[in-house]
Amino acid sequence: MSKVERRVRSLISDDSEMRDAVEVVLDNATDGEVQWVDVRDEITSGQWGRLIEKEILVDGDTGFALADRDAIEAGLEDDDDGGLTGGGDVDTPETTTWTKWDKVAGVATLGAFVGYAVNPVRNAIAGAFDVVLGPLLNVVPFYVVIMVIALATGLYSTLLRAGLMDMEKMSQYQDRMKDIQDRRKEAKERDDQEALDAIQEEQMDAMGDQLGMFKEQFRPMVWIMFLTIPAFLWMFWVIGYRGSDAAYPAVAAQEIVIPLAGTVTWDTGIVGPIQMWILWYFLCSMAFTQLVQKSLNIEMSPSSS
């Protein structure tokens, strides 16, 4: 069943008078198009508006065109299988497939996580990054180095999410779940148990949408963590954490003045075990991420249609 056919069936199941309105539009369509002046004596402006809203009528050359005449006619036919209640007008999007490189990045990310607990792994990763970031410590204060890292992570995390996460597909997942919820609510109001049973089965089938949304969201996160964890391990290595020795003791012992806490060093625990450098990184990261998103006009949340 096509999307247009499901829309017609959904429309006339909610309002039986819409069947006559659809038939009037079909009868008056010339070369697949119809204008309001052709049908205004036979249908109401509200019915005309609903046909446009449901995209049964779409923009044409001289007026509004039938989205799909065959599908519209099929939607007017009686459905012995309960099609009026068992399906909405939102298609299920295809599940995202991870590439070979996505999987490689995922494995590498898991390996980098080991660095938090295993000193040799942490030292190897941090030592490699120190070749690039270490010289900055001789040029600018440590808090500026953290700001540079936070700006970089905010930039590439925004670009990766925008490039790898299909917002249109995310919107389709959300639209389908919303469509099911709306039809379920309408069926309850009509006290239509047959429709409720059909929608319940569809809702169970739609549970796979949750996995699809998770895969969409997690794919860019793998790449973000793949790039961020080594930089975070380097800061971990510079300051020292959870009993490990600082690679740069002078940096770890630097004193700074912050609101509420007063004079502290970078290895001071501010909130429980959360040291000052971690808090400063997250504050900078959140601020720069928002700044990058606004500057590049990139929307990070899917919009429902």
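Helix α14 contributes the most to the lining of the second largest pocket, supplying seven residues. The model is a predicted one, and in it this pocket holds about 430 Å³ of space. Helix α14 spans residues 276-296, and it is joined by α9 (142-164) and α12 (208-239), each of these helices giving at least two residues to the lining. In total, 19 residues line the pocket, and I224, T228, Y281, F282 and S285 are the ones nearest its centre. Sorted by class, the lining is made of nine nonpolar, nine polar and one charged residues.

Leaving aside residues up to four places away in sequence, M276 touches I256, I258, V264, T265, W266, T268 and I270.

Some of these names lead on to a pair of strands. Strand β4 covers residues 255-258 and strand β5 covers residues 262-265, and the two pair in the antiparallel sense over four bridges. I258, one of the residues touched by M276, stands opposite G262 in β5. Together β4 and β5 form a hairpin, with three residues between the strands. Within that turn, L260 has a positive phi of about 70°.

Technical notes: Residues are numbered from 1 along each chain as its sequence is written. This is a predicted model: local features need pLDDT of at least 70, side-chain atom pairs count only at pLDDT 80 or more; totals for chains, interfaces and linings use all residues. Side-chain values use heavy atoms; hydrogens and water are left out. On a 1 Å grid over the protein atoms alone, a cavity is a set of points where a 1.4 Å probe fits but cannot get out, and a pocket is an open set with protein on both sides within 12 Å along at least five of seven lines; lining residues have an atom within 4 Å of a point. Grid points are joined across faces, edges and corners, and a volume is the space filled by probe spheres set on the points. Ala, Val, Leu, Ile, Met, Phe, Trp, Tyr, Cys and Pro count as nonpolar, Asp, Glu, Lys and Arg as charged, and the others, Gly among them, as polar. Two strands pair if DSSP finds at least two bridges between them. Contact means heavy atoms within 4.5 Å.
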